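The model is shown first, and its features are then described by topic.

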Amino acid sequence: MKQKQWVLAGRPTGAPSVDNFRLQEAPLPVLTTGKALVKTLYLGVAPVMLRYMRNETAFERPMQIGDVMAGRGVAQVIQSDCPDLPLGAIIQARLGWQEYALIDAAQYPKPFILPHTDLPLSYGISTLALSGFTALVGLREIGKLKPTDTILVSGAGGGVGSQVAMVAKALGAQSVVGIAGGPAKCQALLSKMAYDVAIDYKNDCLEERLDELFPSGIDVFFDNVGGPLLDLVLARLKRRARIVICGGISEYLLEDGDRYQYKNLQNLGRQDAKMEAFFVYDYEPYFSSYAEQLAAWIRAGIITPIEHISEGIETLPQALVDLYVGANFGVRMVHVGDVS
Ligand SMILES: NC(=O)c1ccc[n+]([C@@H]2O[C@H](COP(=O)([O-])OP(=O)(O)OC[C@H]3O[C@@H](n4cnc5c(N)ncnc54)[C@H](OP(=O)(O)O)[C@@H]3O)[C@@H](O)[C@H]2O)c1
């Protein structure tokens, strides 16, 4: 029996393109000692994958041209010689862009079993996995969110951003302002993603809108974008503000020498403020408690995952390309197969 898989055909020079990948057929892996054979159900895409393709992260193993593209997803264990990954379990793991994968419980990052299989299994890519955990870690552990804080979020219509206002409200926030590109996405922020005000960075004057909405400054900025936008916020901090550096997608396509030089960093000192980056995998020991908390909020109707799902493994390269042109609403993922 054969399976489909996407391999790296070339390295991107700027944004990823569909030509960077090649679809091929390969034999199904054969179960070996201590391993589990899993069937892919959903695969997620994320901006960081561009950096995997360029071998720019120490986190993902280096990829050669012709290797199966790295990626995480939800899968069903269909054969097992691994007690920690029992037959039939629905898991979240590093699978690669392929229909079947041979994995083991010790691989890093460690696979985890999804306990909430009464909820849609796609939530194992969105709220009950890394993008939901990232929103929670960023707001609670890094942002130290308080109910009285004024809150601003960039990249608000993306995978992580689409969940930040809902998680903030679950943590007691009263009002959250989001920044996204274009009227349709801004409308979705208000109607689907629990934002109270939306700023369209492609059409509004950002400085004017920030001054109007935050006359006495910003307490918490959850930043997915970086660059000049972050600099505008640095100039508008309240005393003891917290800037959560989740990501910096506006900088990912730039060469080292071209990256934005910040002019307002000294305002951190003036305002006794804090700016802190984080890596969600550093919080791995808490993933199951985060999933419990987020599942409880979903069941209570406080959080509704916003998922942008395309059909079929063939759509994976386009799903990744979408992230860099702002064509995703919420968590972008691909439905690859169904439970057997
Ligand atoms: N710290 C961690 O552990 C961690 C974990 C997960 C993700 N992240 C980071 O968090 C950020 C968001 O990740 P995500 O998965 O939720 O991705 P995402 O927000 O879904 O990424 C795509 C969105 O970014 C926006 N975008 C693209 N290019 C842009 C640019 N040049 N300037 C401004 N906005 C741009 C687009 O929205 P618009 O239409 O609004 O432009 C696009 O829809 C990324 O930077 C990612 O690397 C960090």
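Predicted model: local features only at pLDDT ≥ 70, side-chain atom pairs only at ≥ 80, totals over all residues.

Residues are numbered from 1 along each chain as its sequence is written. D272 sits in the loop between α7 (266-270) and β13 (274-277); helices (H or I, at least four residues) and strands (E, at least two) are DSSP runs numbered from the N terminus. Its phi is positive, about 50°, although D272 is not a glycine.

Most residues other than glycine have a negative phi, and most peptide bonds are trans. N55, another non-glycine residue, has a positive phi near 55°. The loop between α1 (49-53) and β4 (72-80) holds N55, which counts as partly exposed with 13 C-beta neighbours inside 10 Å. The peptide bond that joins Y108 and P109 is cis, with omega about -10°. P109 is placed in the loop between β6 (100-103) and β7 (112-113).

## Overall fold and domains

The protein chain contains 9 helices and 15 strands. Its radius of gyration is 20 Å, close to the 20 Å that the globule rule gives for 340 residues, so the chain is as compact as a globular protein of that length. The radius is taken over C-alpha atoms, and the rule is 2.2 Å times the number of residues to the power 0.38. Along its principal axes, the C-alpha trace spans about 65 × 45 × 35 Å. Buried residues make up 47% of the 340 residues. Among contacts with a separation of 6 or more, 68% join residues 24 or more positions apart; a contact requires C-beta atoms, placed from the backbone, within 7 Å.

The domain assignment gives domain 1 (2-125 + 306-335) and domain 2 (130-280), with bounds that come from an automatic or database assignment. The C-alpha centres of the two domains lie 28 Å apart. Their contact takes 12 residues from domain 1 and 15 residues from domain 2. The side of domain 1 that touches domain 2 has 7 nonpolar, 4 polar and 1 charged residues; Ala, Val, Leu, Ile, Met, Phe, Trp, Tyr, Cys and Pro count as nonpolar, Asp, Glu, Lys and Arg as charged, and the others, Gly among them, as polar.

## The ligand shell

There are 29 residues around the ligand, of which G158, G159, G181, G247 and G326 come nearest; a residue is near a molecule if its C-beta atom, placed from the backbone, lies within 6 Å of it. The elements that give two or more residues to this shell are α2 (130-142) and α9 (316-324). Helix α2 gives the most, with 3 residues. By class, the shell has 14 nonpolar, 14 polar and 1 charged residues. Both domain 1 and domain 2 give residues to the shell, so the ligand lies between them.

Beyond its neighbours within four places in sequence, V38 is in contact with A75, Q76, V77, I78, I91, L95, Y100, A101 and I103.

Helix α3 (residues 161-170) has 10 of its 10 residues buried, so it is largely enclosed by the rest of the structure. V164 is one of these buried residues, which also include Q163 and K169. They pack against α2, β8 (151-153), β9 (176-180), β11 (218-223), α8 (287-299) and β15 (331-335). After α3 comes G172, with a positive phi near 110°.

## The buried lysine K185

K185 belongs to helix α4 (residues 183-192) and is buried, with 25 other C-beta atoms within 10 Å. Residues up to four places away in sequence aside, K185 touches G157, A180 and F329. K185 and F329 are 144 residues apart in sequence, and their C-alpha atoms are 7.0 Å apart in space.

Note on methods: Buried ≥ 20, exposed ≤ 12 C-beta atoms within 10 Å, placed from the backbone. Contact = placed C-beta atoms within 7 Å.
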